[in-house]
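Work through the exercises below with the sequence and the structure at hand. Each task is followed by a solution in steps.

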Amino acid sequence: MFSICEEALSRGLGGIAITDHVDIDSGEASCRETLDGLKTDITRARDAFGGRLEISMGMELGEAHHNVPLARDLVSDDCLDFVIGSLHHVRKSEDYFYIDYDRADMDALWRNYYEELVEMAEVGCFDVVGHINYQVRYMTESARARTDLPRYYGTLENILKTVIRSGKGIEINTSSLWRGLDFTLPSSEVIEIYRRAGGKIITTGSDAHDAARVGEAIDDAVKRIASAGFDKFAFFKKRTPYFHDVRQ
Ligand SMILES: [Zn+2]
């Protein structure tokens, strides 16, 4: 935690959100253990970096719709500043990280992803939806070439409208950029669909998993957000979005 905060300061960031993975399917005990550990670490980091760096206590809640009562209970924790809602795998399937995309039934893969993303958006135990189109991060080049993403823009628009109606937002995740791809998650086309649908709340995240990557490619993401027509991005404190100007 300390090296993450040091790196954030050295990159000139004014604030950082720590969003440890809390995967609903890992069970209640594991979820609570992660949150308890995070509270301890955040308290120590705030003591050490207070006044120099805003530290938002978050979690990345995976697959909330698989256990809605537990998800509701976890997100009601007063200590939380920020909750990302993510979909890493659908029911009875492994994380998209493990899929063999050159053999996968791509139509089924996309259909299942969006069916569950609709469910997750309706459950709404989050402030922003994390890394929409997560699976593209792991697809082989040939699988990406076979992907006809525009076919799903209508579905995505409906999902984004559900998110907007419930007062939530989306995260623009830069992990695809620092993995060498030339788009964010979601990509600029989807960010524009979100704006046209009336979306206002947009956050950026490096999904660093490693102190050395903290804030990686955030400048690039901010430029893309601005190009998609947004002049502000959000930073959450106590589950409330505070808006900052996009500076290009
Ligand atoms: Zn994730």
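## Exercises on sheet, helices and hairpin

The model is predicted. In it, six strands build an open sheet with parallel pairing, in the order β1-β2-β3-β4-β5-β6.

**Exercise 1.** Identify the edge strands of this sheet, and find the bridge partner of Glu171 in β6.

Solution. Step one: look for strands that pair on one side only; these are β1 (15-23) and β6 (202-205). Step three: locate Glu171, whose bridge partner in β6 is Thr203.

**Exercise 2.** Classify the packing of helix α6 (residues 153-165) against helix α8 (residues 188-196) by angle, handedness and residue class.

Solution. Step one: the two axes come within 10 Å and cross at roughly 50 degrees. Because angles under 35 degrees count as roughly parallel and 65 to 115 as roughly perpendicular, α6 is oblique to α8. Step two: α6 passes α8 in a right-handed crossing. Step three: list the residues, with Tyr153, Leu156, Glu157 and Leu160 of α6 meeting Val190, Ile193 and Tyr194 of α8. By class, this contact has six nonpolar residues, one charged residue and no polar ones.

**Exercise 3.** Describe how β7 and β8 pair, and state which residue of their hairpin takes a positive phi.

Solution. Step one: strand β7 (residues 232-237) pairs with strand β8 (residues 240-245) in the antiparallel sense, over six bridges. Step two: within this pairing, Phe243 in β8 stands opposite Ala234. Step three: the hairpin has two residues between the strands, and Lys238 takes a positive phi near 50 degrees.

Key. Residues are numbered from 1 along each chain as its sequence is written. This is a predicted model: local features need pLDDT of at least 70, side-chain atom pairs count only at pLDDT 80 or more; totals for chains, interfaces and linings use all residues. Two strands pair if DSSP finds at least two bridges between them. Helices (H or I, at least four residues) and strands (E, at least two) are DSSP runs, numbered from the N terminus. Axes are lines fitted to C-alpha atoms, for helices over the stretch in contact, and angles run from 0 to 180 degrees between N-to-C directions. Angles under 35 degrees count as roughly parallel, over 145 as roughly antiparallel, 65 to 115 as roughly perpendicular and the rest as oblique. A crossing is left-handed if the near helix is turned anticlockwise from the far one by less than a right angle, and right-handed if clockwise. Two residues are in contact if their C-beta atoms, placed from the backbone, lie within 7 Å. Ala, Val, Leu, Ile, Met, Phe, Trp, Tyr, Cys and Pro count as nonpolar, Asp, Glu, Lys and Arg as charged, and the others, Gly among them, as polar.
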